[in-house]
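Hi,

Here is the structure I promised to pass on. Please have a look at it first, and then read my notes below.

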Amino acid sequence: MPKQLIKGNEALVKGAVLAGCRAFYGYPITPANEIAESAAVYLPQAGGVFLQAESEVAAINMVYGGASAGVRTMTASSGPGMSLMCEGISYIAGAELPCVIANIMRGGPGLGNIAPEQSDYFQAVKGGGHGCYHALVLAPASAQEMCDLTFLGFDLADKYRNPVIVLADGCLGQMMEPVEFPTTPRAPRTPDWAVDGTAATRPNLISSIYLQPDDLEKHVLKLDAKYKRAHIEETRWENYRTDDAELVFVGYGIVARILKSVVEKLRVQGIRAGLLRPITLYPFPTLELRRLAGQAHQFFVVEMSTGQMVEDVRLAVEGRRSVEFYGRCGGNIPTAEEIVEEVFAHV
Amino acid sequence: MSELKCIHGKADCFYEHYERKGEAQHQTHYCPGCGHGIAHKLLAESIDELGIRDRVILVSPVGCSVFLYYYFDVGNVQVAHGRAPAVATALKRAHPEAIVISYQGDGDLAAIGSAEILHAANRGENYTSIFINNAIYGMTGGQMAPTTLMGNRTTTTPFGRNVFNDGYPLHVSEVIATLEAPVYVERAALGNIKQILQAKKAIKKALETQMKGLGFSMVEILSPCPTIWKMDPVDAQKHVREGLAAVYPLGAKRDRTREAEPRPAPVPAPALEELPRILKLDKGSDTPAPVHHETVDFRVKVAGFGGQGVLLLGQLLAEAGMDYGLEVSWLPSYGPEMRSGTSNCHVRLSNKPVDSPFVSSPNVLIALNEPSLRKFIATVEPGGLVFYNGTTIPADCIRPGLRMHAIPFFSVADELGSTKVGNIVVLGALLSATGVLPLEVVDHALPRVVKAEKWIEIDRLALRRGASLLSPEVPVHV
C-alpha cells in the first residue's frame with residue numbers, strides 16, 4: 001500500500017474503518033472536526049452508519065446503543081465535549097460495552113481555546129465519570145499512530161468489553177504526516193453478548209444496575225480484575241536511549257517527539273539522557289518506571305499542562321528519585337531549546 | 001363453590017418467573033393500582049399478537065419502569081436517564097430488522113431527555129416510543145414533573161406548581177406533532193376499560209407503523225400513580241379521566257400512517273476487499289525514494305491571506321518531500337484564525353524524524369502579504385531565507401543576516417494566465433534558491449494535491465517560471 005500524506009484526524013478514521021468500525025456518532029468541535037467529517041464520507045460507503053447527534057450527550061448514548069447492538073462503534077470530541085460525554089462513558093464501562101472514543105485535546109478549562117493541550121489527562125486516565133471504572137487510554141504520537149492505535153483500540157475494547165480512549169491533541173489531529181495503512185481489514189462480526197433483535201440474543205441484557213450491595217461489589221471487583229489484567233497484558237511504552245540514561249524524560253504524544261530532540265541535544269553535551277514514552281496512559285507503565293528508578297538519578301516530566309501525568313510518574317518512582325516537571329499550556333508547544341534550558345536551570 | 005378460572009393468562013412475552021427481580025419472582029415491583037402494570041400488559045399482548053417477540057429490543061429507562069427487563073422476555077437494554085431515544089436510534093440503525101421500543105416516564109422523556117426525544121422524533125427514527133405520563137416523579141418520591149398540573153403540590157412544589165416559578169405543564173405529544181417527520185403520535189389513557197382498550201389499539205398501531213418501516217411512532221399514556229398521588233386506585237383512575245385528560249386531551253395528534261412512504265432500506269455493505277478503494281488507500285506516494293545522507297533541516301513558515309493558496313503550497317512541498325524520501329510534516333493554523341482572513345502553515349522537511357511539526361523559529365519564511373511579513377520576520381533564524389510577495393521589502397522589515405527576496409509572485413502568475421498559481425511560482429523560486437528538491441519530484445506529487453486536471457499543466461509552468469526568477473538582477477538583501 002502506498003504512503004499517504006494525511007491529517008492525523010483522517011488517518012484515525014481510516015484506521016477505525018479498517019478495524020471494522022461501522023458506526024460513528026458525533027457532534028462538531030474543533031480541533032476534532034475532520035474525524036466526524038471523514039467518518040461522514042467513509043462510513044456510509046463502507047456499509048456503516050454516520051450520524052451527527054444533537055449533542056455530545058446524545059452522541060455518547062448512541063455509542064452505547066451501537067455497542068449494545070454489537071457493532072464496533074466510535075465517537076470523537078475535544079475537551080468540552082468530552083466533559084459532556086463522561087456520564088455516558090461511565091454507563092458504557094458499567095455495562096461492559098466496547099467502544100473507541102477519540103479526544104483531540106484543546107486548551108481548557110471552560111471554553112479555553114482550540115490550540116493543543118494535554119490537560120485532559122486526569123479526565124481520561126482517572127475516570128472522568130462517576131464510579132470505579134477506567135477507560136483504557138492510548139496516546140498516539142504521530143499520524144501513523146493515530147491510525148494504528150485506533151485500530152488496536154477496537155481490538156482492546158472488544159477484548160476487555162470496555163471503552164478505549166485515544167488521547168491525542170490538536171496538533172496530532174491537524175498535522176499531516178506520511179502514513180502506511182494496515183493491509184488486513186477486520187471483518188465486522190456480532191459478539192454473542194450483544195442485543196441484535198434475534199431469537200438467539202433474546203435472553204441478553206445490557207445493563208449497569210446491581211441493586212444489592214454484594215452484587216454491585218462483585219461487579220465492580222470484576223471490572224477491577226479486568227483493569228489489573230490489562231496492566232499485565234496491555235501496558236505499552238517506548239524506550240528511547242534509556243539503556244545507560246542517568247536523566248530520564250517522561251512525556252507522551254507530541255511532547256515525546258520533542259523530548260527525543262532534547263535527548264539528542266543533551267547527549268551531544270555529554271549528558272546521558274533518555275526518554276520513556278508511555279503509549280498506554282492507562283494502564284500506565286509503572287513497573288518500567290520503577291525499574292528505571294533503579295538506574296537513573298533523575299526524572300524529568302514534560303507535559304502541555306500544569307502537571308497531570310507527573311503525579312503518576314511520582315507514584316511510580318515512589319520517592320526514590322526526584323521528579324522535575326516542566327509544562328506549557330494555553331496552546332503553547334514547548335521547543336526542544338527551552339526544555340534544554342529548563343534542564344540546565346533545575347537539574 | 002365453583003372453581004375460579006383465569007381466562008386471560010400471562011402474555012407469552014412476559015417471563016414465567018421474574019428471575020432478574022431476585023425475591024418475590026411471581027409479582028412485579030409496582031405499587032397496587034399503578035398504571036405501569038397495565039401498560040406492560042398492553043405492550044406484551046401487542047408484541048405477542050404481532051408475532052415479533054424475537055425481533056424486539058426493549059429499552060428500559062430510569063424511573064419507576066427502570067426494571068422493565070425483569071418482565072419482558074425480549075432483548076433488553078437498560079440506559080441512562082433520558083437517553084433512551086439516542087440509544088434506540090443507534091440500536092435501530094444497527095439492526096433495521098429489529099423492532100425497537102423505548103419506554104419512558106415523564107421525568108425521563110419530558111425533562112432530562114427532552115432534547116433526545118425531540119431530535120429522534122425530528123429525524124423520524126423508525127422506532128416506537130411508549131411515554132408514560134403520570135405527572136409526577138414516582139421513583140424518587142414525588143417531585144414535580146414537567147407534566148405536573150398547575151397548582152399541584154409535590155415535594156418540590158410544596159405550595160403548589162406556580163407558573164412563575166415552574167412554567168406550564170408540557171404537552172409533549174402536541175410538541176412532537178408539530179414536527180414534520182413523526183408518522184404516528186397518539187395520547188391514550190388508563191382511566192377506565194374503554195380508555196385501556198384504546199391505549200392497546202394505539203400501541204399496536206404504533207408497532208405496526210414501525211414494522212412497515214414508516215418512521216417515528218409514539219404513544220403517550222396518561223397513567224395513575226395512587227401511591228404518590230395519595231389516592232386509592234379507584235380515585236386515581238378517576239383523576240386520570242377527569243384531571244389529567246382535561247389538561248392533556250386524548251386522541252391522535254398526528255397520523256400519517258396511510259400516506260407515509262417506507263424509509264429507504266440501508267445500502268448493502270460492500271465486500272471487505274472493497275475497503276481500500278473506498279478509503280482511497282490506493283492513492284499515495286509509491287515512488288521508491290532515494291536515501292539521504294546529507295543533513296536536511298527545512299523549517300518553513302508559509303503565511304498570507306486566505307485564498308492565496310498558503311495551505312496548498314505547504315502541502316505540496318510536504319508531499320514532494322515525502323516522495324523524495326525525506327521525513328515531513330505539515331501543520332495548518334486552524335479555527336478562528338482561519339476565518340479571520342489570514343492563513344498560515346508550518347512545514348518541516350528533514351533527513352531525521354521530525355520532532356515538532358510546529359515551526360517557532362523558521363529558517364524559511366514565505367510571507368505572501370505585508371501583515372504576515374511583519375508578524376513573523378522577527379522569528380526567522382539568523383541566516384534564514386525570506387520570500388516576500390511584493391516589489392520591495394518595507395525598510396523597517398529588513399533584517400541583517402537574512403537572505404531576503406522581494407518578488408511580486410502573483411503578478412508573475414498573472415503573466416502566466418492565472419493569479420491563482422502565484423503560490424506555485426513561490427514554490428519554484430524556493431526550490432531553485434535552496435535545491436532541496438528537484439522540480440520533477442513536485443511534478444510527480446502535483447496530481448495528489450491539485451485535483452482538477454486543467455490546473456496541473458499551468459502549475460508545472462508556474463513552477464518553472466518561479467525557478468527562473470532568482471536571477472542576479474533580483475535584489476537580495478543580505
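Predicted model: local features only at pLDDT ≥ 70, side-chain atom pairs only at ≥ 80, totals over all residues.

**What I found between the chains**

Between chain A and chain B there are 19 residue pairs in polar contact, counting pairs with both residues at pLDDT 80 or more. Helix α3 (residues 56-68) of chain A makes up the largest share of the side of chain A that touches chain B, giving eight residues.

The count of salt bridges between chain A and chain B is four.

In terms of residues, 68 from chain A are in contact with 65 from chain B. The size of an interface is often given as the accessible area lost when the parts come together. For chain A and chain B, the buried area comes to about 5400 Å², and carbon and sulfur atoms give 66% of it. R202(A) turns up again here: together with L5(A) and E54(A), R202(A) supplies 13% of the area that chain A buries against chain B, more than any other three residues.

**The cores**

Which residues touch the most other members of the largest nonpolar core? They are Y64(A), F249(A) and F299(A), in a core of 156 residues. Helix α6 (residues 143-160) of chain A gives the most to this core, contributing 10 residues. Another core, of 51 residues, lies apart from it, and W330(B), A413(B), L431(B) and A445(B) are among its members.

**Within chain B**

One more residue to check is S129(B), which is found in strand β4 (residues 128-133) of chain B. Is S129(B) buried or exposed? S129(B) has a relative accessible area of 0%, so S129(B) is buried. Not counting residues up to four places away in sequence, S129(B) touches S102(B), L109(B) and I117(B), as well as F216(B), S217(B), M218(B) and V219(B).

Happy to talk any of this through.

Best wishes

Notes. Residues numbered from 1 in each chain as written. Chains lettered and ligands numbered in written order. Heavy atoms only, no water. Core = buried A, V, L, I, M, F, W, Y, C linked by side-chain atoms within 4.5 Å. Buried < 20%, exposed > 50% of the residue type's maximum accessible area, 1.4 Å probe, protein only. Helix = DSSP H or I, 4+ residues; strand = E, 2+ residues; numbered from the N terminus. Contact = heavy atoms within 4.5 Å. Buried area = accessible area lost by both parts, 1.4 Å probe. Salt bridge = Lys/Arg side-chain N within 4 Å of Asp/Glu carboxyl O. Polar contact = N/O pair within 3.5 Å; in protein donor to acceptor, adjacent residues only side chain to side chain.
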